[in-house]
Amino acid sequence: MSEPIFFKTPDTVSLSKIADWAEADIVRGSADIEILGVAPVEDADAGSLVFFDNTAYLDKLSGTAAAACLVAEKHAAKVPEGVAVLVCREPYRAWAKVLAQLFPDAVVPAYGAGSGVSERAVVEDGALLEDGVVVEAGAFVSKGAEIGSGTVVRANAVIGAGVRIGRDCVIGANSTVQFALLGNCVYLHPGVCIGQDGFGYAMGPGGHLKVPQIGRVVVQDDVEIGANTTVDRGANRDTIIGEGTKIDNQVQIGHNVVIGRHCVIVSQVGLSGSCTLEDYVAIGGQTGVRGHVTIGMGAQVAAVSVVNTDLDAGGRYGGTPAKPVKQWFREVAAVRKLAERGGGT
């Protein structure tokens, strides 16, 4: 069996072009050096571009055979002789810009019909598709849905009645979108479920009465949502995901949740109903957030934490329940010392 190559090897490109893409300055080496590909610092050869921004990998950098390295000015002197140096403000962001140019298919992988509506897709009468929409085999687009140009609906995805999807979006394979409005450049990975009813019951000894969920989901521009993430529609108002927010795989977002702009939510986070994340909040994996709490703008919450009260803007928090990290670290250290002394035995 031949070894499959999923992303085409890029054409050779000059170091000067790399510098343009990365918004970097060539401080060592010729602008005419040809870059043949990219690699980790430890695996690079004479044609490879690498990046460096973490001193934990300093030993690997010292032995690299790369052609060139993207690096911050403070670390430029650590790049070994013979390797061209491109100084940039943020090496990892520069690396991302270069990869997007060299491997555009990796940004939004293409694996279905090249254009138009597949003969094996179903688009109901009354659905409105602008020119340039792609609907792959097995997908279902309900009546009254509207989809903007450049959007791709992957295989077996379901678009519910009246849904609005903007331009240049990707609706991943086996995703469902209902009772929702999506902006432009929204990327749903496979298996995302948006707009199902939220978990709402009037509980009682005679049984739990289901409360109809009559809100929507509003997803603003440039949002990316990872595989198998679920976003419940609002109960009596909207569930909202703000512009530029990035959500990892297997995240649960409950009804009436409001997520601000440019938030980052890592895998297996659970956001309970009616909680609010202000702009630029970052939440580590497997963290739970209680309903009706607010996490202030720019706050960061460590992985495997539990947020059960409001958190102030700009703080760093962790633990169960979540608290300022310095307090959390002191508590952990105190418990460790107690255990080492045999306390409580």
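These notebook entries record what I looked up in a predicted model of one protein chain.

**Basis.** I number residues from 1 along each chain as its sequence is written. In this predicted model, local features need pLDDT of at least 70 and side-chain atom pairs count only at pLDDT 80 or more, while totals for chains, interfaces and linings use all residues; side-chain values use heavy atoms, without hydrogens and water.

**Whole chain.** I found five helices and 39 strands, taken as DSSP runs numbered from the N terminus (helices H or I, at least four residues; strands E, at least two). The C-alpha trace spans about 75 × 70 × 40 Å along its principal axes. Of the 345 residues, 42% count as buried, that is, under 20% relative accessible area with a 1.4 Å probe, protein chains only.

**Helix α1 against helix α3.** I then looked at α1 (residues 15-22) and α3 (residues 91-102), which pack at an angle of about 120° with axes 8 Å apart. That makes α1 oblique to α3, since angles under 35 degrees count as roughly parallel, over 145 as roughly antiparallel, 65 to 115 as roughly perpendicular and the rest as oblique. Ile18, Trp21 and Ala22 of α1 meet Ala94, Lys97, Val98, Gln101 and Leu102 of α3, with contact meaning heavy atoms within 4.5 Å. I list these contact residues as six nonpolar, one polar and one charged.

**Helix α1 itself.** I noted Leu15, Ile18, Ala19 and Ala22 as the buried residues of α1. They cover an arc of only 100° around the axis, so they lie on the same side of α1; the arc is that of the directions from the helix axis to the C-beta atoms. Just after α1, Glu23 takes a positive phi of about 55°.

Methods:
Axes fitted to C-alpha atoms, helices over the stretch in contact; angles between N-to-C directions. Nonpolar A, V, L, I, M, F, W, Y, C, P; charged D, E, K, R; others polar. Buried < 20%, exposed > 50% of the residue type's maximum accessible area, 1.4 Å probe, protein only.
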